[in-house]
Amino acid sequence: LSIDIVAGAVIGCAFFADILGVTVLPYGFIILGLTVWIIYTSDHLLDVWRKTQPAATRRHLFHQQHFYMLLTPLLLSLVVVGIQVAFIRKQVLIGGLILSAIVGLYFILQKNLKYSKEFIVAVLYSGGVLMAPLSILQRPLAPFEMCLIFQFFLTALINLLLFSWFDRKSDVQDHHPSFTVAFGDRATRLLLTVSFIMNVGIAVVQLLNTNNPGPVIVILAMNAVLAWIFLKRKYFETQDRYRLMGDAAFLLPVIYLMS
């Protein structure tokens with residue numbers, strides 16, 4: 001049901017709001033959480049819409065079997081978001097409308113995204129998490145903050161590439177486009193390796209030039225979890241463990257928020 005993804009997005013938003021020194025109102029968190037759930041659920045429902053054969057993955061099969069039952073909470077969530085929008089700040093509303101238009105375009109074009117789906121979804125996910133904090137920020141971003149934002153995007157991309165790597169066989173069976181389907185196993189492993197090295201390299205530079213190492217350590221911890229999944233493929237491909245642990249990595253910023 002993508003509840004862990006929703007929690008990760010809300011925690012990520014609170015994480016960056018704290019780093020940037022801004023306050024996101026409760027309405028912003030509610031809208032973000034529900035919107036992420038709406039997007040992921042709609043994406044899964046669109047994937048299985050009008051399919052006559054059983055879906056190859058557990059999550060798609062669940063959405064296929066409960067298609068009409070899931071439409072009710074989906075519509076209710078849309079109504080709640082519509083009501084909450086009346087209470088958010090103007091700059092957040094404008095940013096949200098722009099992002100919503102881009103998401104709508106993604107849904108229209110998603111079947112034609114042969115190899116760029118993971119990159120676009122990583123941008124949209126990062127944009128959703130950061131939209132409220134950045135919209136209300138009244139100053140330019142510092143280099144440290146810009147690097148953290150790029151590292152978060154890169155972490156989201158690694159997560160999505162990992163999932164496409166594990167899902168290659170089912171994506172081929174269900175005719176879902178992905179980077180791995182387009183370019184193969186070897187190219188995906190190479191891109192993942194380069195992305196991990198880049199993230200660690202940026203983190204080392206950040207740690208050497210900051211008095212606030214906490215956020216950088218959190219990003220490193222998230223990447224450590226994803227790297228563990230990457231290195232232990234045989235273990236994590238059993239019963240979709242990779243998906244559970246991969247999404248759980250985005251809950252780690254809560255440790256920083258609680259410290």
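This is a predicted model: local features need pLDDT of at least 70, side-chain atom pairs count only at pLDDT 80 or more; totals for chains, interfaces and linings use all residues.
1. The largest nonpolar core has 70 residues, and the ones touching the most other members are Phe16, Tyr125, Phe152, Leu162 and Ile229. Helix 7 makes the largest contribution to this core, with 15 residues. At least two core residues come from each of helix 1, helix 2 (26–48), helix 4 (67–84), helix 5 (90–109), helix 6 (117–136), helix 7, helix 10 (185–208) and helix 11 (214–231). As background, nonpolar side chains in soluble globular proteins tend to be buried together.

2. Next, the aromatics. There are 14 aromatic pairs in the structure. Have a look at Phe16 and Phe152: with ring centres 5.3 Å apart and planes at 85°, over the 60-degree cut-off, this pair counts as edge-to-face. Phe16 sits in helix 1 (residues 3–20) and Phe152 in helix 7 (residues 143–166), so the pair ties together parts 136 residues apart in sequence.

3. How exposed or buried are these two rings? Phe16 has a relative accessible area of 1%, so it counts as buried, and Phe152, also at 1% relative accessibility, is buried too.

4. Phe152 has another ring partner to check. With Phe250 it makes an edge-to-face pair, 6.0 Å from centre to centre and with 90° between the planes. Here too distant parts of the chain are linked: Phe152 belongs to helix 7, while Phe250 is in the loop between helix 13 (241–248) and helix 14 (253–258), 98 residues apart. Phe250 is buried, as is Phe152.

5. If you colour the rings, show these together: Phe15, Phe16, Tyr125, Phe152, Phe250 and Tyr256 are joined into a cluster by ring pairs.

6. Back to Ile229, one of the core residues with the most contacts to other members. Beyond its neighbours within four places in sequence, Ile229 contacts Leu162, Phe166, Phe236, Tyr242, Met245 and Gly246. Phe166 turns up again with a charge: the charged end of Arg233 sits over the Phe166 ring, 5.8 Å from the ring centre.

7. Which residues line the largest cavity? They are Val24, Leu25, Tyr27, Gly28, Ile88, Arg89, Val92, Ala132 and Ile136. Helix 2 and helix 6 are the elements giving two or more residues to that lining. The volume of this cavity is about 70 Å³, and the count of cavities of 30 Å³ or more comes to one.

Note on methods: Residues are numbered from 1 along each chain as its sequence is written. Side-chain values use heavy atoms; hydrogens and water are left out. Rings of Phe, Tyr and Trp (its six-membered ring) pair if their centres lie within 6.5 Å; planes under 30 degrees apart count as stacked, over 60 as edge-to-face and the rest as tilted. Helices (H or I, at least four residues) and strands (E, at least two) are DSSP runs, numbered from the N terminus. Buried means under 20% relative accessible area, exposed over 50%, partly exposed in between (1.4 Å probe, protein chains only). A charge sits over a ring if NZ of Lys or CZ of Arg is within 6 Å of the ring centre and within 35 degrees of the ring normal. A nonpolar core is a set of buried Ala, Val, Leu, Ile, Met, Phe, Trp, Tyr and Cys residues joined through side-chain atoms within 4.5 Å. Contact means heavy atoms within 4.5 Å. On a 1 Å grid over the protein atoms alone, a cavity is a set of points where a 1.4 Å probe fits but cannot get out, and a pocket is an open set with protein on both sides within 12 Å along at least five of seven lines; lining residues have an atom within 4 Å of a point. Grid points are joined across faces, edges and corners, and a volume is the space filled by probe spheres set on the points.
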